[in-house]
Amino acid sequence: MRRALFLASLSLLTAGPVSADEGMWTFDNFPAEIVSEKYGETIDQSWLDHVRLNAGRMSNGCSSSIVSSEGLVLTNHHCVIGCVQNLSTPERDYVETGFFTATRDEERPCPAMQIDVLVSIDDVTARVLSATDGKTGEDYTRARDAMVAMLESESCAGRTDTHRCQVVTLYQGGQFKLYSYRKYTDVRLVFAPEIGASFFGGDPDNFNFPRYAFDASFLRLYENGVPVRTPEHLTWSTEAPSEGDPVFVAGNPGGTSRLLTAPQLALLRDAIYPDNLFLMSEWRGRLTEFSRIDAEHERIATSDLFTTENNIKRLRGELKALSDPALFEIKRASDAELKAYVDNDAALAATVGDPWTEIADAQRERAALYSTYYFLESRAGYFSELYDHAVDLVRVAAERGKPNAERLPEYADARLPILERRVLAEEPIEPELEALKLEFWLTKLREYLTADAPATRTFIGRSSPQYLAQSLSASRLADPAFRRALWEGGMEAIDASDDPMIVYVRETDAAARAIRKDYEERVEGPTGRGMERIAQARFAAYGTGVYPDATFTLRLSYGAVEGWEENGRVIAPFTYFAGLYARATDYPPFRLIPEWSAAEDTLDPGIVFNLVSTNDIIGGNSGSPLLSAEGEVVGAVFDGNILSLGGNFHFDPAVNRTVSVSTAAITEALEKVYGRAALVAELTQP
């Protein structure tokens, strides 16, 4: 493990090739020469452009790919489970039974879903750095955000109906790129299997291998009421790759922390991750008890419980990685080596200064402010949709009255269309589940901040978490028409509203904004300015031959189909249909659904079901296409193995593995389990 960590760290310290198959590379800085040297494959600009224009970023934090000429999109089942649950009713639970269509008329909209396709990348680093030059603290943050808002607004002017523009921060502030997307807001569900098939093995198999999960679903892009024409789509392969074959993952990894300093990682290890893990574990218990009340409670809690269990495993894996002393030895050596390089160059030292000390100081401020900031702003409401809608409605009314450059970033003109879609989406909101979320949040707020804290008095007053949660969950914000009236009515409608949640947010928003302002001044500003200068030092020392941390933007990773060795045991890279039936029992989560049991004699037992590869991925890559060197889709990424959970901080080439469901298995099951001949014909058309 120690040597693997050293190799991972070395990639951050040199301008040469990174170790093994490490890296989540941007499409304008892909190391094609390394791939050619290692695998003998040519990845040219036309290959990159073709993949980029067919790789989708989903607004719910997943990835996808366009796989037919009529806008058909491949992703994971767990990436559409929210839509499936929203389409369900007490009489028809599509999560349990699956959602299947025979005609286009049966394809149903996923109201809040948006899929973005990256069409261009432009470097705007000079303009952003010029705006922030010489500024610190909140002044730095505001100047940066104002320039970002202006760049996004300029780029998307006159085309916000069809495009989205986003300034992306790379290398922790070393580069700023303007990403322009073609956006699709009419996204409809085509095919989603039963959760018993997509999540076969359940929580025990999650982040493990061998796996036998049919975690694949299909959406379709529509525009003006008809399917989008996509003649240059990715080609679907009905064959699985072989062991040793090079494969590529094009997706949107959500975020990594590989370029952070040792003090930043230490705070995550010692305070932030443990607190989050404790809270989420308790929340899982509350959700579990809620789901046991009856079948309807179980139905409405399914998506939240799935997400919570997944996040708990992720946090445990990341905390375990942070608890390895070897990681910190390497990180401290990395920090020291770069600092020594700066100190030995007088001109560079004059420009860079000592950002390491500034960032370390900012971490002490972060530790002091974190709990208050967490409960009042960054995680306020604890996933309550009613609360989130109220905050957005109250703030958008206030922010729209300001010049674009002076607004909170999420309310800038270029970002309002996606916010409007989310706020006005016609999705069901369950009052009982909302009350549970609000009660949990308010109870923990009082516990962590204490009963006598000013924030506790502001947010709870003389009430109790349980009573206040029940009162707030009666909000009329569950009605999309009511939300629309407030959105369109602006500040006058907000001020006049007597809705309990709107009134509550009106009365508490000043306190939430105050802690946000304090956090920006004492934490985000100094940290952002410091990381920007460390990035400048890193470029001076090592160039851009290393990849930036993940930012939920399109990246390409390369690797090969390959198993691994663990505790003296060799883990083969493939599972097969035959193994699914051998693994099945009469009890969940290993119980086969009837359709799969009935199809046992018709399925080819030798077809590859799930497979692993050495690609470097992280959360957000779910639904990414697994591609052959020819650019054909050979799988859909849906997981990593348990040893990859430390991938937020380092990549261990010996054991980090990406888990995918093969397109060979998807094709076979569509034909022989689900009888979807038309869907197979669409996928395999020339």
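In this predicted model, Pro210 sits in the loop that joins H9 to strand S10 (217-223). Pro589 belongs to the loop between helix H22 (577-583) and helix H23 (594-598). A further backbone feature concerns Tyr382, whose phi is near 45 degrees, a positive value in a residue other than glycine. Tyr382 is placed in the loop that runs between helix H14 (355-378) and helix H15 (385-399).

Two or more lining residues come from each of helix H8 (195-198), helix H9 (202-205), helix H10 (262-291) and helix H11 (295-322). Of the contributing elements, H11 gives the most, with 8 residues. By residue class, the lining of the second largest pocket is made up of 13 nonpolar, 5 polar and 8 charged residues.

Turning to the strands, an open sheet is formed by 7 of them, arranged in the order S13-S12-S18-S19-S20-S17-S16, with antiparallel pairing. Its edges are strand S13 (555-560) and strand S16 (574-576), each of which pairs on one side only. From one strand to the next, the twist averages 30 degrees. In general, the strands of a sheet are paired through backbone hydrogen bonds, in either a parallel or an antiparallel sense. Within this sheet, strand S12 (residues 246-251) is joined to strand S18 (residues 625-628) in the antiparallel sense over 3 bridges. Val247 has Ser628 in S18 as its bridge partner.

Helices also meet this part of the sheet. Helix H3 (residues 45-52) packs on the sheet and touches S12, S13 and S18, with its direction at about 155 degrees to that of S18. Helix H2 (residues 32-39) lies across S12 and S13, and runs at about 10 degrees to S13.

For helix H24 (residues 663-672) and helix H25 (residues 677-684), the axes come within 8 Å and cross at roughly 150 degrees. H24 is therefore roughly antiparallel to H25, as angles over 145 degrees count as roughly antiparallel. The contact is made by Thr667, Leu670 and Glu671 on the H24 side, which meet Leu679, Val680 and Leu683 on the H25 side. These contact residues divide into 4 nonpolar, 1 polar and 1 charged.

Notes
Residues numbered from 1 in each chain as written. Predicted model: local features only at pLDDT ≥ 70, side-chain atom pairs only at ≥ 80, totals over all residues. Heavy atoms only, no water. Helix = DSSP H or I, 4+ residues; strand = E, 2+ residues; numbered from the N terminus. Nonpolar A, V, L, I, M, F, W, Y, C, P; charged D, E, K, R; others polar. Axes fitted to C-alpha atoms, helices over the stretch in contact; angles between N-to-C directions. Parallel < 35°, antiparallel > 145°, perpendicular 65-115°, else oblique. Contact = heavy atoms within 4.5 Å. Pairing = 2+ DSSP bridges.
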